[in-house]
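Take a moment with this chain before reading on. Follow it from one end to the other, then look at what its side chains do.

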Amino acid sequence: MNFSHFVRIDRERRGLERHYVVHTGQPKFTLELTPDHEAPDKLGRGIIKRVCVPNSWAGDYNQYGKMLAAAQEFFAQSHPPAAR
């Protein structure tokens, strides 16, 4: 899968982690995820916490569902290597 339009942003503030996946192509959107602690690797594909999309997203939910699934897959494949 081509992930060239996705960017992952990880932030930590006061011990709280926040993870974002941003789609920079059209349609632009931001997905905030929380790690899936029940997944074998304790991160998984992430659990969607918040979605920020333009108002023009009304309509073809099947297409946008595929985009959100691709964003979750990007999140799963872009985990930084585990600290040793």
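How many salt bridges does the count come to? The count comes to 5. A salt bridge here is a side-chain nitrogen of Lys or Arg within 4 Å of a carboxyl oxygen of Asp or Glu.

First, some ground rules. This is a predicted model, where local features need pLDDT of at least 70 and side-chain atom pairs count only at pLDDT 80 or more, while totals for chains, interfaces and linings use all residues. Residues are numbered from 1 along each chain as its sequence is written, and side-chain values use heavy atoms, with hydrogens and water left out.

Now the layout. The protein has 1 helix and 4 strands. From the N terminus on, the order is β-β-β-β-α. Both kinds of element are DSSP runs, numbered from the N terminus: helices are H or I with at least four residues, strands are E with at least two. The protein has 84 residues, and 32% of them are buried. Buried means under 20% relative accessible area, exposed means over 50%, and partly exposed lies in between (1.4 Å probe, protein chains only). A contact means heavy atoms within 4.5 Å. Among contacts between residues at least 6 apart in sequence, 42% join residues at least 24 apart.

Next, the core. In soluble globular proteins, nonpolar side chains tend to be buried together. A nonpolar core is a set of buried Ala, Val, Leu, Ile, Met, Phe, Trp, Tyr and Cys residues joined through side-chain atoms within 4.5 Å. The largest one here has 12 residues, including Phe3, Val21, Leu33 and Phe74. Strand 3 (29-34) and helix 1 (61-77) each give two or more residues to this core. Helix 1 gives the largest share, with 6 residues. Pick out Ala71 in this core. Leaving aside residues up to four places away in sequence, Ala71 touches Phe6, Val21, Phe29 and Leu31.

Back to the charged pairs. Arg8 and Asp10 meet in a salt bridge at 3.0 Å, N to O. Arg8 counts as buried at 16% relative accessibility, whereas Asp10 is partly exposed at 40%.

Lys49 and Glu32 form another salt bridge, at 3.7 Å, N to O. This pair links distant parts of the chain: Lys49 is in strand 4 (residues 47-52) and Glu32 in strand 3, 17 residues apart. Glu32 is buried, with 3%. Both belong to a network of salt bridges that links Arg18, Glu32, Lys49 and Arg50.

Glu73 and Arg45 also meet, at 3.6 Å, N to O. Glu73 lies in helix 1 and Arg45 in the loop between strand 3 and strand 4, so the pair ties together parts 28 residues apart in sequence. Glu73 is partly exposed at 26%, and Arg45 is partly exposed at 37%.

The largest pocket holds about 190 Å³. Its lining has 12 residues, and the closest to its centre are Arg8, Glu17, His19, Pro35 and Leu43. Strand 1 (6-13) and strand 2 (16-23) each supply at least two lining residues. The largest share, 4 residues, comes from strand 1. A pocket is an open set of points on a 1 Å grid over the protein atoms alone, where a 1.4 Å probe fits, with protein on both sides within 12 Å along at least five of seven lines; lining residues have an atom within 4 Å of a point.

Definitions and conventions: Grid points are joined across faces, edges and corners, and a volume is the space filled by probe spheres set on the points.
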